[in-house]
Amino acid sequence: MNKKLIDRMQILSISLIWMLFIGIAVWILNLIKESLRLHDSPDASLGISLVAIPVFFTLASVLTYVFIGLRKGRKKDMES
């Protein structure tokens with residue numbers, strides 16, 4: 001495959017994982033806000049947010065770290 005196409009697909013995948021993470025975080029925060037507005041107990045929303053937000057943040061960070069590490073290794077191979 002073409003290297004530029006692979007680079008673009010990798011950047012797209014990193015962008016999509018961060019968009020997914022941000023979307024999930026906004027959705028969960030909206031659930032908490034709505035439960036407070038409706039005078040409902042936000043226990044379930046808080047429980048989900050305490051688990052889901054760190055998990056997705058960790059996954060997105062690991063994928064970004066791996067992506068940056070692979071790109072640095074590729075640049076060193078091309079220079080030598």
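**The loop and its residues**

Guide: His39 is found in the loop between helix 1 and helix 2. Helices here are DSSP runs of H or I with at least four residues, strands are runs of E with at least two, and both are numbered from the N terminus. This is a predicted model, in which local features need pLDDT of at least 70 and side-chain atom pairs count only at pLDDT 80 or more, while totals for chains, interfaces and linings use all residues. Residues are numbered from 1 along each chain as its sequence is written, and side-chain values use heavy atoms, with hydrogens and water left out.

Visitor: What is the phi of His39?

Guide: In general, most residues other than glycine have a negative phi. His39 has a phi near 55 degrees, which is positive although the residue is not glycine.

Visitor: Is His39 buried or exposed?

Guide: Relative accessible area decides this: under 20% is buried, over 50% is exposed, and anything in between is partly exposed, with a 1.4 Å probe and protein chains only. His39 has 75% relative accessibility and therefore counts as exposed. Pro42 also belongs to the loop between helix 1 and helix 2 (43-79), but Pro42 is buried because its relative accessible area is 17%.

Visitor: Which residues is Pro42 in contact with, leaving aside its neighbours within four places in sequence?

Guide: A contact means heavy atoms within 4.5 Å. With those neighbours left aside, Pro42 touches Ser35 and Leu36.

**The chain as a whole**

Visitor: How many helices and strands are there in the protein chain?

Guide: The protein chain has two helices and zero strands. Its radius of gyration is 18 Å, well over the 12 Å that the globule rule gives for 80 residues, so the chain is more spread out than a compact globule. The radius is taken over C-alpha atoms, and the rule is 2.2 Å times the number of residues to the power 0.38. Along the principal axes, the C-alpha trace spans about 65 × 20 × 15 Å.

Visitor: What share of the residues counts as buried?

Guide: Of the 80 residues, 21% count as buried. Among contacts with a separation of 6 or more, 69% come from residues 24 or more positions apart.

**Aromatic rings**

Visitor: How many aromatic pairs does the count come to?

Guide: A pair of aromatic rings is described by the distance of the centres and the angle of the planes. Rings of Phe, Tyr and Trp (its six-membered ring) pair if their centres lie within 6.5 Å; planes under 30 degrees apart are stacked, over 60 edge-to-face, and the rest tilted. The count by this rule is three aromatic pairs. In one of them, Trp18 and Phe57 have ring centres 6.0 Å apart and planes at 75 degrees, so the pair is edge-to-face. This pair links distant parts of the chain, since Trp18 is in helix 1 and Phe57 in helix 2, 39 residues apart.

Visitor: Why is the pair of Phe21 and Phe57 tilted?

Guide: Trp18 is partly exposed at 25% relative accessible area, and Phe57 is partly exposed at 42%. The rings of Phe21 and Phe57 have centres 5.7 Å apart and planes at 50 degrees, so this pair is tilted. Phe21 in helix 1 and Phe57 in helix 2 are 36 residues apart, and their pair again links distant parts of the chain. Phe21 counts as buried, at 12% relative accessibility. Trp18, Phe21 and Phe57 form one aromatic cluster.

**A salt bridge**

Visitor: Which side chains meet in a salt bridge?

Guide: A salt bridge is a side-chain nitrogen of Lys or Arg within 4 Å of a carboxyl oxygen of Asp or Glu. A search of the whole structure finds one: the side chains of Arg37 and Glu34 meet at 2.8 Å, N to O. Arg37 is exposed at 55% relative accessibility, whereas Glu34 is partly exposed at 27%.
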